[in-house]
Amino acid sequence: MAKKAVVVLSGGLDSTTCMGIAKDQGYELYPITFSYGQRHDREIEQAKKVAAYFQVKQHRIVDIGFFKQIGGSALTDASVSVPQDGLGQDIPVTYVPARNMIFLSLASAYAEVLGAEAIFTGVSSVDYSGYPDCRPEFIDSMNQTINLATKAGVTDHRLSIQTPLIHLSKSETIKLGTKLGVPYHLTTSCYNGGDKACGVCDSCRLRIKGFKEAGLVDPIPYQVDIDWNA
Ligand code: ZN
C-alpha cells in the first residue's frame, strides 16, 4: 500500500511546492485546503486546480468561518488593510491568530483517519520570520502534541509534520520546486486576489523577489510591468 501524506494546500507557492516534494518522496497526496474567511476565494480556486494537476484521489476543503467571525487579521478582517510595507515588522498584520495550530490539528485528525504517516506544510521561518507559528520550535512542539493526542501516536503509527521549506528562502524554494516541475502558473500569492497579481502587496513583492533571485520569470500575470532581469 502506498504511503500517504496530508498536504496543507493553500493554493500558494509554498504549499504547492510541498505537493511536488511529497510526490517526489513517493507519497500518495491528500491535500487539505482551509476556507477561513480569506479576503478572496481565489486561493481556494487555485488550490483546486493544483490538486487536479497532481491528479489526487481526494481534495478536502474545510470551512472554518470562525476566523472571519473573530477577525484580528488583515487577511480575515476587511477593516484592516493589507500592508505594502510590512516586511521586516515584528509580527505583520497579516498574521492570523493561531492559524497553523488549528490547521495542523485538523490535518492530523484527517491523517489519522487516512492512516497517513506525514503531514506536509509549507511554513518557512526565513522570509516571514514574524509569524510565531512558522518557527521550528512550534513545529517540534506540535509534532509532540499530535503524537500525544492521537490514537495513531500512542499506537505504532506515529505521525510526523514535514516542513521541507522551513529553512529555505523564497528563491531556494522556487529553485527546488522548478526542478521538481511544480506548476507555479496555477499558484496565487497576492493578498488582493485579482485575476492578475497586484505586484505591490507584501506577498507579491516577496514572490517577485524570490523569482528574480532564482533567475527565473514568474509564470503568473501581473497588473504592473516587472523587469525580471533587474
Ligand atoms: Zn499583490
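Guide: One term to begin with: contact means heavy atoms within 4.5 Å. This is a predicted model, where local features need pLDDT of at least 70, side-chain atom pairs count only at pLDDT 80 or more, and totals for chains, interfaces and linings use all residues. Residues are numbered from 1 along each chain as its sequence is written, and side-chain values use heavy atoms, with hydrogens and water left out.

Visitor: What does Thr173 touch?
Guide: Leaving out residues up to four places away in sequence, Thr173 touches Leu13, Asp14, Thr17, Leu165, Leu168 and Tyr184.

Visitor: Is Thr173 buried or exposed?
Guide: Thr173 counts as buried because its relative accessibility is 1%. Buried means under 20% relative accessible area, exposed over 50%, and partly exposed in between, with a 1.4 Å probe and protein chains only.

Visitor: Where is Thr173 placed?
Guide: Thr173 sits in helix α7. Helices are DSSP runs (H or I, at least four residues), as are strands (E, at least two), numbered from the N terminus.

Visitor: At what angle do α7 and α8 pack?
Guide: About 65°, with the axes of α7 (residues 170-179) and α8 (residues 202-214) 8 Å apart. Axes are lines fitted to C-alpha atoms, for helices over the stretch in contact, and angles run from 0 to 180 degrees between N-to-C directions.

Visitor: Which residues make that contact?
Guide: From α7, Lys170, Ser171, Ile174 and Lys175; from α8, Leu206, Arg207, Gly210, Phe211, Glu213 and Ala214.

Visitor: New topic. Which residues are the protein donors of the zinc ion?
Guide: Cys190, Cys198, Cys201 and Cys204, each through SG, at 2.3 to 2.4 Å. Donors are N, O and S atoms within 2.8 Å of the metal (3.2 Å for Na, K and Ca); water is not among the atoms, so sites may look incomplete.

Visitor: How are the donor residues spaced in sequence?
Guide: The pattern is C-x7-C-x2-C-x2-C. Cys198 and Cys201 are both buried.

Visitor: What about Gln55?
Guide: Gln55 has a positive phi, near 50°, and is not a glycine. Most residues other than glycine have a negative phi. Gln55 lies in the loop between α2 (42-53) and β3 (60-63). With 70% relative accessibility, Gln55 counts as exposed.

Visitor: And Ala98?
Guide: Its phi is positive too, near 55°. Ala98 is in the loop between α3 (66-70) and α4. At 27% relative accessibility, Ala98 counts as partly exposed.
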